[in-house]
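The following exercises are meant to be worked through with the structure in view. Each one states a task and then gives a solution in steps.

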Amino acid sequence: MRTHLTISALVFLMSARTIHLIVGSLIDNTAKTQKLTKGDLTTVFERVDGDSELAVLNNSMADMKDTLTDIVRAISESSDAISSAASQMNRASQQMSGSANEQAASAQEISSAIEDIAKSIQQNSKEKEKNR
């Protein structure tokens with residue numbers, strides 16, 4: 001009878017310890033997952049060796065966090081590249097605008113000069129006709 005009580009006590013203690021480890025792992029992963037859902041990508045999921053459901057779950061969470069970190073990094077790099085391209089386009093647009101303004105001013109000067117030449121030619125023609 002005493003042996004049965006001792007064995008029962010040992011089984012109970014081992015079961016309690018196992019349940020504590022399982023529940024503790026689930027609570028830890030839940031807390032880390034909640035941080036992750038709030039955007040905290042500094043959360044660390046330690047990889048666990050084994051084929052148990054908890055090991056697979058923990059390692060899957062670590063993989064998911066790594067993937068999210070990679071996605072956020074790629075988006076950030078793309079955003080920086082887009083911002084840089086937009087700045088370059090803005091500078092090019094300003095240069096083109098300046099060039100267009102310069103060309104318009106030059107065209108206006110040429111037009112004005114041609115008008116002056118045309119007037120001068122007309123005056124010379126009129127004077128020659130008067131002198132005839």
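A residue is called buried under 20% relative accessible area, exposed over 50%, and partly exposed in between, with a 1.4 Å probe and protein chains only. The model is a predicted one, in which local features need pLDDT of at least 70, side-chain atom pairs count only at pLDDT 80 or more, and totals for chains, interfaces and linings use all residues. Residues are numbered from 1 along each chain as its sequence is written, and side-chain values use heavy atoms, with hydrogens and water left out.

**Exercise 1.** Determine how the axes of helix α1 and helix α2 are placed relative to each other.

Solution. Step 1: identify the elements. Helices are DSSP runs (H or I, at least four residues), numbered from the N terminus. Helix α1 covers residues 2-37 and helix α2 covers residues 53-131.

Step 1: take the distance and the angle. Axes are lines fitted to C-alpha atoms, for helices over the stretch in contact, and angles run from 0 to 180 degrees between N-to-C directions. The two axes come within 11 Å and cross at roughly 15°. Helix α1 is therefore roughly parallel to α2, a description that applies to angles under 35 degrees.

Step 2: list the contacts, meaning heavy atoms within 4.5 Å. From α1, Ile 22, Ser 25, Leu 26, Asn 29, Thr 33 and Leu 36 take part, and they meet Leu 54, Leu 57, Asn 58, Met 61, Met 64, Lys 65 and Leu 68 of α2. These contact residues comprise 8 nonpolar, 4 polar and 1 charged. Here Ala, Val, Leu, Ile, Met, Phe, Trp, Tyr, Cys and Pro count as nonpolar, Asp, Glu, Lys and Arg as charged, and the others, Gly among them, as polar.

**Exercise 2.** Is Asn 58 buried or exposed, and which residues does Asn 58 touch?

Solution. Step 1: locate the residue, which belongs to helix α2. Step 2: read its accessibility; a relative accessible area of 7% makes Asn 58 buried. Step 3: leave out residues up to four places away in sequence; Asn 58 then touches Asn 29, Phe 45, Glu 46, Arg 47 and Val 48.

**Exercise 3.** How far apart are the closest N and O atoms of Arg 47 and Asp 63?

Solution. Step 1: the closest N and O atoms of this salt bridge are 2.7 Å apart. Step 2: Arg 47 is in the loop between α1 and α2 and Asp 63 in helix α2, 16 residues apart. Step 3: both are partly exposed, Arg 47 at 47% and Asp 63 at 39% relative accessibility.

Terms used: Helix = DSSP H or I, 4+ residues; strand = E, 2+ residues; numbered from the N terminus. Parallel < 35°, antiparallel > 145°, perpendicular 65-115°, else oblique. Salt bridge = Lys/Arg side-chain N within 4 Å of Asp/Glu carboxyl O.
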